[in-house]
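Student: I should like to learn how to read the features of a structural model. May we work through one together?

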Amino acid sequence: MHSGFFQKVFLTVLAGFGAACLHYLFMHVFQNFDDAVNKGYSTHTGLVAPPRH
């Protein structure tokens, strides 16, 4: 398949936009879900280790 220069530039810009969308989705949506579920969970609390805040 022979593609032109502007088609390659457009696909590169589109791929970068898709990567930025995935990064935003992970940082703002999935991270909030993870914090809502696991924010207060800590495996290092007990008699030996002081509780982490």
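Student: Where does Phe30 lie?

Tutor: In this predicted model, Phe30 lies in helix α1.

Student: Which residues form a nonpolar patch on the surface?

Tutor: An α-helix has 3.6 residues a turn, so residues three or four places apart point the same way. Here the patch consists of Leu22, Leu25, Phe26, Met27, Phe30 and Phe33, and together they have about 620 Å² of accessible area.

Student: What span should helix α1 have, and how far apart are its end C-alpha atoms?

Tutor: Helix α1 covers residues 5-38; at 1.5 Å a residue, its 34 residues should span 50 Å. The end C-alpha atoms are 47 Å apart, which agrees. The secondary structure of the protein comes to 1 helix and 0 strands.

Student: How many aromatic pairs are there?

Tutor: A pair of aromatic rings is described by the distance of the centres and the angle of the planes. The count is 1 aromatic pair: Phe5 and Phe6, edge-to-face, at 5.4 Å centre to centre with 75° between the planes. Phe5 counts as exposed at 60% relative accessibility, and Phe6 counts as exposed at 69%.

Student: What share of the residues of the protein counts as buried?

Tutor: Of its 53 residues, 0% count as buried. The protein exposes about 5200 Å², of which carbon and sulfur atoms supply 70%.

Methods
Residues are numbered from 1 along each chain as its sequence is written. This is a predicted model: local features need pLDDT of at least 70, side-chain atom pairs count only at pLDDT 80 or more; totals for chains, interfaces and linings use all residues. Side-chain values use heavy atoms; hydrogens and water are left out. Rings of Phe, Tyr and Trp (its six-membered ring) pair if their centres lie within 6.5 Å; planes under 30 degrees apart count as stacked, over 60 as edge-to-face and the rest as tilted. Buried means under 20% relative accessible area, exposed over 50%, partly exposed in between (1.4 Å probe, protein chains only). Helices (H or I, at least four residues) and strands (E, at least two) are DSSP runs, numbered from the N terminus. Accessible areas come from the Shrake-Rupley method with a 1.4 Å probe; for residues, only the protein chains shown count as cover. The expected span of a helix is 1.5 Å times one less than its number of residues. Patches are made of residues with over 30% relative accessible area and no salt bridge: like charges are joined within 9 Å, nonpolar side chains (Val, Leu, Ile, Met, Phe, Trp, Tyr) within 5 Å. A salt bridge is a side-chain nitrogen of Lys or Arg within 4 Å of a carboxyl oxygen of Asp or Glu.
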